[in-house]
Amino acid sequence: MAQKTLFFVQPYLMRKQKLQAEGARTFINDGEALRVGADMARRRAGVVVMAQSYDTDRQILCRPEVLRIHGHVPDEWMRNRQGDLLDRQAA
């Protein structure tokens, strides 16, 4: 089984009292994704940094792993977080 992991940064804006997702950015290592996520968090309502692994042979995606949450994000991300990595900063 050949497995590969990509890292994503999903930013959110607050529009008319509702969170709206912007386009996600993709990275090949967690350090860069975490750095960009922290930087984006200064200008967004919230940011989710996650890892997504997949089996390249069978083309099966694994469940995303939340690496860090900054600010305000949709509730479903809060239910999937890794507790000790949670960063609930004021946006």
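Author: Let us start with contacts, where contact means heavy atoms within 4.5 Å. Among contacts in the protein chain between residues at least 6 apart in sequence, those joining residues at least 24 apart make up 45%. The model is predicted: local features need pLDDT of at least 70, side-chain atom pairs count only at pLDDT 80 or more, and totals for chains, interfaces and linings use all residues. Residues are numbered from 1 along each chain as its sequence is written, and side-chain values use heavy atoms, with hydrogens and water left out.

Reader: How many helices and strands does the protein chain have?

Author: Helices (H or I, at least four residues) and strands (E, at least two) are DSSP runs, numbered from the N terminus. The protein chain has two helices and seven strands, in the sequence order β-β-β-α-β-β-β-α-β.

Reader: Which residues form the largest nonpolar core?

Author: A nonpolar core is a set of buried Ala, Val, Leu, Ile, Met, Phe, Trp, Tyr and Cys residues joined through side-chain atoms within 4.5 Å. The largest one has eleven residues: F7, V9, F27, A33, V36, M40, A41, V47, V49, A51 and L67. At least two residues of this core come from each of strand 1 (3–15), helix 1 (30–41) and strand 4 (46–55). Helix 1 gives the most, with four residues. A second, separate core of eight residues includes V48, M50, V73 and W77.

Key
Buried < 20%, exposed > 50% of the residue type's maximum accessible area, 1.4 Å probe, protein only.
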